[in-house]
Amino acid sequence: MSPITTRRHGDVLIVTSNNPPVNALGIAVREGLVKAIEEADGDDAVKAVVIRCDGNTFFAGADITEFGKPMQMPMLPQVVDRIEACTKPVVAAIHGTALGGGLEVALSCHYRVAVPDAKLGVPEVKLGLLPGAGGTQRLPRVAGVETALEMAATGNPIGAKRAAEIGLVDRIVEGDLEQHAVAFAEEVREIRPLPKASERDDKLAAARANPGLFDDFRKANARKMKGFDAPEANIKAIEAALSKPYAEGVQDERRLFMELMSGTQARAQQYFFFAERKASKIEGVGEDVRPRDIRKVGVIGAGTMGGGISMNFLSAGIPVTIVETAQDALDRGTALIRKNYEATAAKGRMTADQVEKAMGLLTPSLSLDDLADCDLVIEAVFENMEVKKEVFGKLDGIVKQGAILASNTSYLNVDEIAASTGRPQDVVGLHFFSPANVMKLLEVVRGAKTADDVLVTAMALAKRIRKVAVVAGVCYGFIGNRMLIPRQTQAMNLLLEGATPEQIDRVHVEFGMPMGPFQMADLAGVDIGWHRDPNRIENIRDKLCAMDRWGQKKGAGFYDYDDKRRPSPSPVVADVIEEFRAKAGVEKRDISDQEIIERTLYTMVNEGALILEGGFAQRASDIDVVWVYGYGWPVYRGGPMFWADTEGLPKIVEGLKRQQDRLGADFKLSDLLVKKAEAGEKLSR
Ligand code: T1G
């Protein structure tokens with residue numbers, strides 16, 4: 001049964017797609033669309049056509065699951081050209097998200113009507129691609145070059161209202177979309193060919209008057225586009241729409257599309273699209289397990305983390321009671337929340353009313369007793385096991401039965417924390433990443449006794465507060481921070497052996513990370529996890545902390561900082577490194593960039609494989625989701641596990657073996673990694 005059906009309404013042929021969940025333009029849909037247009041052309045009684053979709057959305061793009069498989073005709077470019085060639089006017093009836101190939105289908109229709117909350121976009125760039133079915137040539141001609149450039153190179157959709165303002169949508173309709181689309185089709189009565197010879201088209205002329213348009217866009221978006229291939233290809237394709245007639249421009253589009261499609265970046269970003277969605281699935285928990293109702297949240301600790309965590313719930317309209325031990329700390333915490341909201345409002349991303357609404361949901365308190373009726377309580381107190389166990393012991397006696405008790409611990413044993421209560425089944429780890437109101441990643445740490453419905457609740461709540469959640473097992477540092485340990489250990493050892501903080505950070509930034517290990521330490525705080533005893537100096541980090549070099553917040557860390565927090569290599573740090581090198585009796589030597597990759601990134605991959613071996617992550621792609629969303633791993637490399645497969649597991653195993661002596665006695669080569677390398681298998685698939 002084809003997902004495409006047709007039926008007549010008067011002299012209008014209504015073509016309907018029913019291909020859940022998102023009406024992806026798979027082969028059956030493509031075949032059905034062509035057949036429907038031929039039916040319209042072949043029937044004199046048909047005077048116009050409406051193309052619409054059942055379900056939540058108009059076509060949301062090509063079927064990504066078909067990528068990498070043998071092409072099946074008709075491909076989407078042929079389908080859209082066939083729609084455009086229809087001798088009867090074709091009207092697209094848009095609801096939900098007309099994305100990618102979906103918008104390209106709508107662009108090949110002669111007219112477009114949409115409901116007010118519809119979104120239209122070409123997010124192919126987020127998949128490492130560009131609109132490959134004429135979109136880069138039609139969109140500039142319909143919506144104007146500037147908007148087309150912004151939409152294609154960033155992948156961000158626009159709303160129906162703006163689409164109507166720029167002529168991408170002909171009419172916004174309220175109520176019954178099909179009915180209005182048919183009425184529109186009965187009005188228009190003739191096709192509206194898209195102007196193809198670029199010199200004739202006024203939408204392009206405006207851009208021609210602004211020769212700096214493309215280079216200005218490149219400059220304005222250089223940082224966001226750094227390292228990615230697809231944005232530049234999208235820009236080139238849109239430039240072709242301006243400088244060439246349609247027939248030539250579409251050839252450029254095809255060539256650029258095929259180049260991207262065959263590249264590693266596109267495969268990485270398409271892999272990641274599914275990895276992110278897979279992360280929300282919990283192995284071994286049935287679909288019948290329902291989440292608990294979370295109507296009121298308690299947060300203990302009004303520091304940076306407690307405040308950031310609270311904001312996630314307040315922004316989602318969930319009331320929060322935030323508890324501190326002292327009034328000044330409580331006041332500082334609530335003031336910081338307001339300040340963060342006001343900063344967001346100043347950037348136009350929130351209205352003043354929304355700020356007041358969010359703040360109105362916040363109840364400051366000095367007493368844990370005020371958390372008694374919370375459905376979820378999250379502890380964000382000092383990262384010390386004894387302190388956490390004491391807090392959970394108290395919560396156990398205060399908070400109502402059935403509430404979920406969560407720890408925001410970054411490393412500590414959630415089972416041990418759970419054991420300090422009489423309800424370990426209600427205890428879970430909710431590890432937010434700093435800044436908690438910004439970073440999308442949430443590690444949901446599943447204790448040995450955590451109940452299935454608590455897990456399901458945590459995953460559902462993550463969606464509600466717009467986080468990407470990954471289930472982690474109980475081990476030191478869970479997934480992300482555990483993989484940071486070998487990276488930091490090797491980075492510190494490399495300093496003793498002759499590398500500099502600048503060199504190691506440069507290698508990581510050139511790889512595509514937003515910053516290297518030492519830049520990250522200075523940003524987060526060199527003193528994080530420090531024992532705070534200035535007289536106990538066992539390593540370079542202890543020494544820097546004892547010298548009050550705690551990072552950017554102190555104007556000095558592994559780097560020196562000027563009053564604008566601009567970093568520069570520090571002679572003081574160089575001396576400290578030299579001092580510890582001498583103490584350790586280590587011979588200084590030249591360190592290659594490749595060795596830095598092997599010592600820091602290969603060891604991270606190995607740790608990821610050990611995590612998989614130990615069952616502390618459900619799947620390799622979850623580890624990639626953690627690193628992309630938690631630490632800014634470049635998505636065009638897919639994540640550490642995907643990258644390991646593209647680097648080649650045998651090459652990684654060989655590199656680790658070559659470095660074995662320098663990796664130290666504690667280093668354990670993952671059996672899983674070795675086995676997969678020997679078997680020619682992949683870690684991430
Ligand atoms: N192809 C195949 N499956 C898709 C899909 C797609 N395009 N989009 C979503 N899915 C699956 C998804 O994996 C999940 O599956 C389910 O649908 C629900 O998705 C030639 C080449 C539309 C905004 O990039 O942005 O067109 O996990 O959880 O939150 O120029 O899906 O249930 O098994 O995301 O409501 C361009 C991608 C393709 C749009 C809905 N289009 N999709 O969000 O649901 S390339 C896109 C989305 C292209 C042409 C080029 C979102 C959504 P499962 P979901 P959602």
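Helices (H or I, at least four residues) and strands (E, at least two residues) are DSSP runs, numbered here from the N terminus. The model is predicted, so that local features need pLDDT of at least 70 and side-chain atom pairs count only at pLDDT 80 or more, while totals for chains, interfaces and linings use all residues. Residues are numbered from 1 along each chain as its sequence is written, and side-chain values use heavy atoms, with hydrogens and water left out.

The protein chain as a whole comes first. It has 29 helices and 19 strands, and along its principal axes the C-alpha trace spans about 90 × 60 × 50 Å. A compact globule of 685 residues would have a radius of gyration near 26 Å, and the 28 Å of the protein chain agrees with this; the radius is taken over C-alpha atoms, and the globule rule is 2.2 Å times the number of residues to the power 0.38. Of the 685 residues in the protein chain, 55% are buried, where buried means under 20% relative accessible area, exposed over 50%, and partly exposed in between, with a 1.4 Å probe and protein chains only. The accessible surface of the protein chain comes to about 29100 Å², and carbon and sulfur atoms hold 53% of that surface; such areas come from the Shrake-Rupley method with a 1.4 Å probe, and for residues only the protein chains shown count as cover. Among contacts (heavy atoms within 4.5 Å) between residues at least 6 apart in sequence, 73% join residues at least 24 apart.

The next subject is the ligand. It is surrounded by 25 residues, of which the closest are Ala62, Gly101, Glu104, Glu124 and Arg277; a residue is near a molecule if one of its heavy atoms lies within 4 Å of it. By class, this shell has 15 nonpolar, five polar and five charged residues, with Ala, Val, Leu, Ile, Met, Phe, Trp, Tyr, Cys and Pro counted as nonpolar, Asp, Glu, Lys and Arg as charged, and the others, Gly among them, as polar.

An oxygen atom of the ligand lies 2.5 Å from an N or O atom in the side chain of Glu104, and an oxygen atom of the ligand lies 2.7 Å from an N or O atom in the side chain of Glu124. A polar backbone atom of Ile64, in turn, is 2.9 Å from a nitrogen atom of the ligand. On its own the ligand has 1000 Å² of accessible area, and the protein covers 69% of this. Strand E5 (97–99), helix H3 (101–108) and helix H13 (264–278) are the elements that give two or more residues to the shell around the ligand, and H13 gives the most, with three residues.

A cis peptide bond, with omega about 5°, joins Pro20 and Pro21, and Pro21 lies in the loop between strand E2 (12–17) and helix H1 (27–41). Another cis peptide bond, with omega about -5°, joins Ser434 and Pro435; the loop that holds Pro435 runs between strand E15 (427–432) and strand E16 (441–445).

Positive phi values in residues other than glycine include that of Arg189, near 65°, in the loop between helix H7 (177–188) and helix H8 (202–208). Arg189 is partly exposed, because its relative accessible area is 36%. Phe478, a residue other than glycine, has a positive phi near 55° and is found in the loop between strand E17 (468–472) and helix H20 (480–497). With 0% relative accessibility, Phe478 counts as buried.

How values were computed:
A polar contact is a pair of N or O atoms within 3.5 Å; within protein, one must be able to donate a hydrogen and the other to accept it, and residues adjacent in sequence count only if both atoms are side-chain atoms.
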